[in-house]
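Here is a short report on selected features of the structure shown below. Headings mark the topics.

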Amino acid sequence: MKKWLTLLTAVLVILFAGWKWLLLPAVEKSMNKVESDHTVALSLEAEALHNTLLVGDLHADSFLWARNLKNRADYGHLDLPRAREGNLGIQVFTSVTKSPRGQNYRKNSSEAADNITLLAVTQAWPVSTWDSLYERALYHAERVKTLQASAPDEIRIVESATDLQQVLAARERGEEVLAALLGTEGSHALEGNIENIGRLYDAGFRVMGLQHFFDNKLGGSLHGESGQGLSEFGRKVVLEMEERSIVIDVAHSSERVVREVLQLVKRPLIVSHTGLKGACNSPRNISDEVMKEVAGKGGLVGIGFWPGAVCDTSPESIVKSIRYAIDTLGVDHVALGSDYDGSVKVAFDVSGLGTLTAEMLRQGFTEEEIRKVMGENLRDFFLVQLPQ
């Protein structure tokens, strides 16, 4: 009997190893694609400029996947070695805790089967995450902390303006350390309990989205069924976030939610990963009028790299959307919002961020515009909005 149990155990170990090392990468490769035909060698001018930039990005979902980001991979969009190659200095990493089956930009039910549950089980996340969105957020935060512990000279979690200043000073000294901010992709991770804001804050979260692809207890999603504004619970949550100096992200919120949040709070908002309707008439993008209201109150808009945001993956289209955003909102309100590792197709991974610098030069951007959009606006926003 012992012999058979030993054999069965060995078979299970082999099957699990095969799943982890073969099938899981295949799943991510099918979700986070890179189109190699847009990769170009940078001119000497573009490379020289890019190497002097502070580069920052408002949205990546990299900790959703099983990869160890300390190691370079040949799939997915972001890891630490490739981030260094792309001169990335600041990254907001978001925790995706629920995604509806059949996800689309127009209409999703909050009752739809959840894709992340299957991912949690197959990637062997802790059992507590299998049926708890809150525990999933905590697990993702713990993964970032584990990476920091294993590579303290390569990534540091930022929880305050002082933390960010210290990382920026280290980079000025030539250290290639990445400042990592933690965010949530929607506040369904609160599980209807306002006290979980404090618990997530204590876990390191400083950016919180309100909705994702479905309506939740806070209010309507841009891609949900109701189109509603903030619920009474949502109003209380927003005020609690503002009290704690948590940056509120309305990237997937209905236009009614965005406008009601703007009326409710004094602090500026971010739209972390998006496009502008006037540049790309996609159901993923809210109206230019609402975007102007966000910018008018000091907000920051991250331009995405994928077709739903900018209508195709080409660097030319991304930069055209950036130009439109600058002309519409003002240069101080535009940043990058790649949505790397967010189940999207892009033209280049994080190692190729210099492609944007080159394309901005080609399209006639000034050096000041390039520096602001590529990272200085993001830096300045968080230096003011993070807890001091």
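Helices (H or I, at least four residues) and strands (E, at least two) are DSSP runs, numbered from the N terminus. The model is predicted: local features need pLDDT of at least 70, side-chain atom pairs count only at pLDDT 80 or more, and totals for chains, interfaces and linings use all residues. Residues are numbered from 1 along each chain as its sequence is written, and side-chain values use heavy atoms, with hydrogens and water left out.

Helix 13 spans residues 354-362 and is mostly covered. Of its 9 residues, 7 are buried (under 20% relative accessible area; exposed is over 50%, partly exposed in between; 1.4 Å probe, protein chains only). These are Gly354, Thr355, Leu356, Thr357, Ala358, Glu359 and Met360. They pack against helix 2 (44-50), helix 12, strand 10 (334-336) and helix 14 (367-385).

## The disulfide

The model has 1 disulfide, defined as a pair of cysteine sulfur atoms within 2.5 Å. Cys280 and Cys311 form it, with S to S at 2.0 Å. The torsion about their S-S bond is about 95°, so the disulfide is right-handed.

The pair links distant parts of the chain, 31 residues apart. Cys280 sits in the loop between strand 8 (270-274) and helix 10 (288-296). Cys311 sits in the loop between helix 11 (307-310) and helix 12 (315-329). Cys280 counts as buried because its relative accessibility is 0%. Cys311, at 46%, counts as partly exposed.

## Gln123

Gln123 lies in the loop between helix 4 (115-122) and helix 5. Its relative accessibility is 12%, so Gln123 counts as buried.

The side chain of Gln123 reaches the backbone oxygen of Leu64 at 3.0 Å. A polar atom of that side chain also lies 3.1 Å from the backbone nitrogen of Ala66. Leaving aside neighbours within four places in sequence, Gln123 is in contact (heavy atoms within 4.5 Å) with Leu24, Leu64, Trp65 and Ala66.

## The largest cavity

There are 3 cavities of 30 Å³ or more. A cavity is a set of points, on a 1 Å grid over the protein atoms alone, where a 1.4 Å probe fits but cannot get out; lining residues have an atom within 4 Å of a point. The largest has a volume of about 60 Å³.

Its lining includes Phe63, Phe93, His140, Leu182 and Phe205. Strand 3 (88-95), helix 5 (133-150) and strand 5 (178-184) each give two or more residues to this lining. The lining residues divide into 6 nonpolar, 4 polar and no charged.

Technical notes: 1 Å grid on protein atoms, 1.4 Å probe; cavity = no way out; pocket = protein on both sides within 12 Å on 5 of 7 lines; lining within 4 Å. Points joined across faces, edges and corners; volume = space filled by probe spheres on them. Nonpolar A, V, L, I, M, F, W, Y, C, P; charged D, E, K, R; others polar. Polar contact = N/O pair within 3.5 Å; in protein donor to acceptor, adjacent residues only side chain to side chain.
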